Amino acid sequence: MNSLRLVFILVVLELSLMQGVYADSNPVDKVYHPLVVANERKVEWRFVARELEDKNYLAQRLAYGQAITERLIVEAYLSGERDQSDDYGLKGYEIELRYMLTEQGQYWADWGLLLEFEKQHDSDTYEITTGVLFEKEFVHTSLTINALLIYEWGQNLDNEMESEFRLQYRYRYMPEIQPAIEIYTGEDFIGIGPALMGVHRFEGIRQLKWELAFINGFNGEKYDETLRFVLEYDF
Amino acid sequence: MARLRVVLLLIMSLFSSSLLALSEFHLELKDHLFYPSSVTIPAGQKVKLIIHNLDDTPEEFDSFSLNREKVVFAQSTTHIYIGPLKPGEYEFYGRYNPNTARGKVVVVKDQGANHAD
């Protein structure tokens, strides 16, 4: 019951702080699920390509993650990004904690928490993200929502609070094929698009998960499309 | 303000659902087999599945149709909440021993006790 009270306080706090603050970076990224499986270990590759009318961005992340308790998983990331001069290099480092607050199916919905800390590679610029993760099952479909609050500070940057919202509505058709719709909001950005994801289970606990989404931005730009791809190997 | 009200309503429903008493159904894991291999539960109700692992190795309960995934440590007990479900059969298996540790949850319309096949 204490964890539910904590959820209540955090949701209200997140939503009240989110009024009027939106993230200025591309919010299209993985939609986090609250579920944590004990003994889980994984390596992950994320790829995001965003194309605007006159420029494009490319970012990739490599991660290793491990559940350290039945409810808590830690992931460490190395992120790379192509800059304005088309050079591709290391952008930053990140550590992420995801905590499963409630047992799957125990309450009306499943809840989790997210905490991320990121440092830029070549400058003293930092970012901390907190978030509430929500998931609700509707027969063969699942609605997942992430409400994230981001604080940036450091060199060459005005300290600022931002927020992001991610939504995924997924049809659990079969393990390998699960179509979905995703919605993202951030500063000057509202994006929506189709997604396809799945999991292939090997012998034992090894499995390969994949996600592919194509998000169209509706933020005034004539052309704003983002392709995101995730490949995750659990072992 | 409207958004805050919606959140409050959601949280209230979340609290109230936790107060309901749930029917409990027991499963044992022994020699990498589920006993019983079939559990009958009532449709339209959330139930608590209690799994006792009597083996010396861990197992991972997995079911795509139930949308559940949970590790049951060696010589320990865990529980999984399932439902409310529509009538039908929902298969589950143990990820570490998928050839032997297999079973199903049978969901029936009328109130059913735990039937072992």
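Predicted model: local features only at pLDDT ≥ 70, side-chain atom pairs only at ≥ 80, totals over all residues.
**A walk through the two chains**

In general, strands of a sheet pair through backbone hydrogen bonds, in either a parallel or an antiparallel way.

Now zoom out. Strands β4 and β5 belong to a closed barrel of 12 strands in chain A, running in order from β1 through to β12 with antiparallel pairing. On average, neighbouring strands of this sheet are turned by 20° against each other, if you ignore direction.

Over to chain B. Of the 117 residues in chain B, 27% are buried. Take the contacts in this chain between residues at least 6 apart in sequence: 63% of them join residues at least 24 apart.

So what about the inside? The largest nonpolar core has 24 residues, and B:Ile41, B:Leu49, B:Ile51, B:Ile82, B:Phe92 and B:Val105 are the ones with the most contacts inside it. Strands giving two or more residues to this core include β3 (38-42), β4 (47-53) and β9 (102-108) of chain B. For a closer look, pick B:Val105: beyond its neighbours within four places in sequence, it is in contact with B:Val39, B:Ile41, B:Leu66, B:Ile82, B:Tyr90 and B:Phe92. There's also a second, separate core of 13 residues, with A:Val31, A:Tyr32, A:Trp111 and A:Val132 among them.

Notes. Residues numbered from 1 in each chain as written. Chains lettered and ligands numbered in written order. Buried ≥ 20, exposed ≤ 12 C-beta atoms within 10 Å, placed from the backbone. Contact = placed C-beta atoms within 7 Å. Core = buried A, V, L, I, M, F, W, Y, C linked by C-beta atoms within 7 Å. Helix = DSSP H or I, 4+ residues; strand = E, 2+ residues; numbered from the N terminus. Pairing = 2+ DSSP bridges. Axes fitted to C-alpha atoms, helices over the stretch in contact; angles between N-to-C directions.
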